[in-house]
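My notebook is open and I have a list of things to look up. I'll jot each one down as I find it.

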Amino acid sequence: MRYLDNAATTPVRTEVLEAMMPFLTRWFGNPSSHHTVGEAAASALDDARSRVAAVLGMRRGDVVFTSGGTEANNLALKGIAIAAQANRGAGRVVTTPIEHESILQSADYLRRIHRFEVDVLPVDATGLVDAADLAAAIGDDTALVSIGYANNEIGAIQDAAALAAATRARGVPLHLDAVQAAGWLPLRDLGADALTIAGHKLGAPKGTGVLAVRGRIPLEPLMHGGGQERGRRSGTEDVAGAVAIATALELAEAEREESAARVGAFRDAFVARVLATVPRAALTGHPARRLPGTASFVFPGTSGEAILLELERRGVVSSSGSACAAGSDDPSHVLTALGLGADVARTAVRFTFPHDLNAPLDDVADALAASVAAVGSAP
């Protein structure tokens with residue numbers, strides 16, 4: 001079985017499992033407890049926080065451990081925006097139409113419940129945002145700009161430096177959703193004020209995440225109670241999870257340049273072979289500014305779900321897009337935002353590769369060609 005749905009989730013790395021195991025067994029204490037077992041847990045939590053901060057080029061106190069990317073994105077949008085509304089009367093957030101649902105639905109919550117205006121920037125046919133459009137959208141009442149560093153469906157990579165320059169010129173915080181970017185792209189010196197990471201995209205367990213938010217940015221907590229995480233996220237910390245995501249992030253960063261170059265070369269060869277051999281195949285997203293591990297296509301006139309079933313019969317597991325939208329009959333909001341019609345968007349197939357990919361993907365391209373041929377035209 002070829003598992004090529006790594007944007008959805010990845011297996012836990014052995015090194016990560018070994019690093020977290022002591023804090024599930026011997027040193028299982030509550031880090032708020034003032035005894036030996038609790039203090040050992042607290043020390044491990046502080047160490048994990050420092051390690052994450054070092055990878056991101058931020059301060060230890062900037063790191064908030066969460067239950068994953070969805071919670072981190074919710075905390076970023078709601079926490080920063082609501083604090084800005086309370087402190088300076090800001091009532092507007094800026095985002096794009098191709099964001100993860102945790103961004104889009106958080107923005108909609110702010111609109112419905114807190115009366116925010118939501119400015120949705122256009123993207124071009126490859127999924128990229130124009131920094132000039134962003135600069136024009138920012139006003140005195142803008143609380144926050146939230147944009148995905150790399151898109152989870154098509155892999156398009158935004159020009160983070162240009163976006164950061166536009167927000168910095170107006171003194172508005174920039175949040176980058178780096179869930180898909182982590183392990184593939186640089187995470188330091190991006191100019192962002194807040195950054196989201198999800199552990200299970202990097203070889204840590206599901207349910208682990210980070211929101212790194214610079215200390216000067218006011219953040220209203222979503223969860224109240226014991227005041228953990230410097231009052232920004234109450235609840236007993238998952239020490240083993242924090243150790244896991246710190247370990248996975250360090251490993252991914254150490255391997256990033258080599259794995260990105262190696263996997264990117266295999267991806268390019270795969271894309272070329274698919275476009276040359278599979279009738280009706282069309283690449284989605286930017287042809288060059290895309291994640292090394294992502295290749296996404298549409299096959300007009302077919303059925304994407306039928307292709308996926310045929311691929312699995314041939315031993316290849318992939319997806320039609322975001323796992324968070326699996327089971328929905330609606331076309332991908334990302335693809336329709338690129339200008340594709342609903343019928344074409346429903347033919348999407350996304351392949352996302354592991355960091356340790358070390359062989360060409362010719363067999364996958366051949367399986368895809370056979371699958372498309374077997375499906376034929378959609379009824």
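Which residue stands opposite valine 349 in S12? I looked it up, and the residue is phenylalanine 297.

Before going on, I noted what I'm working with. This is a predicted model, where local features need pLDDT of at least 70, side-chain atom pairs count only at pLDDT 80 or more, and totals for chains, interfaces and linings use all residues. Residues are numbered from 1 along each chain as its sequence is written, and side-chain values use heavy atoms, with hydrogens and water left out.

I found an open sheet of three strands in the order S9-S10-S12, with antiparallel pairing. S9 (282-283) and S12 (349-352) are at the edges with a single partner strand each, so one side of each has no neighbour in the sheet. For my own reference, strands (E, at least two residues) and helices (H or I, at least four) are DSSP runs numbered from the N terminus, and two strands pair if DSSP finds at least two bridges between them.

I checked the bridges next. S9 and S10 (residues 294-298) pair over two bridges, while S10 and S12 pair over four. Leucine 283 has phenylalanine 297 in S10 as its bridge partner.

Then I looked at where the S12 side chains go. Val349 and Phe351 point one way, Arg350 and Thr352 point the other way, and all are buried (under 20% relative accessible area; exposed is over 50%, partly exposed in between, with a 1.4 Å probe and protein chains only). That reminded me of the rule that side chains in a regular strand alternate between the two faces of the sheet.

How many cavities of 30 Å³ or more does a search of the whole structure find? It finds two. A cavity is a set of points on a 1 Å grid over the protein atoms alone where a 1.4 Å probe fits but cannot get out, and lining residues have an atom within 4 Å of a point. Grid points are joined across faces, edges and corners, and the volume is the space filled by probe spheres set on the points.

The largest cavity has a volume of about 70 Å³. Its lining includes Leu56, Met58, Arg188 and Arg214.

The second largest cavity comes to about 40 Å³.

**Entry: threonine 95**

Is threonine 95 buried or exposed? Threonine 95 is buried, with a relative accessible area of 2%. I located threonine 95 in strand S3 (residues 92-95). Its side chain reaches the backbone oxygen of serine 146 at 2.9 Å.

**Entry: glutamine 228**

Glutamine 228 lies in the loop between strand S8 (209-213) and H7, yet glutamine 228 counts as buried at 13% relative accessibility. A polar atom of its side chain lies 2.9 Å from the backbone nitrogen of glycine 235. Beyond four places away in sequence, glutamine 228 touches Ser32, Arg233, Ser234, Gly235, Thr236 and Glu237.

Key
A polar contact is a pair of N or O atoms within 3.5 Å; within protein, one must be able to donate a hydrogen and the other to accept it, and residues adjacent in sequence count only if both atoms are side-chain atoms. On a 1 Å grid over the protein atoms alone, a cavity is a set of points where a 1.4 Å probe fits but cannot get out, and a pocket is an open set with protein on both sides within 12 Å along at least five of seven lines; lining residues have an atom within 4 Å of a point. Contact means heavy atoms within 4.5 Å.
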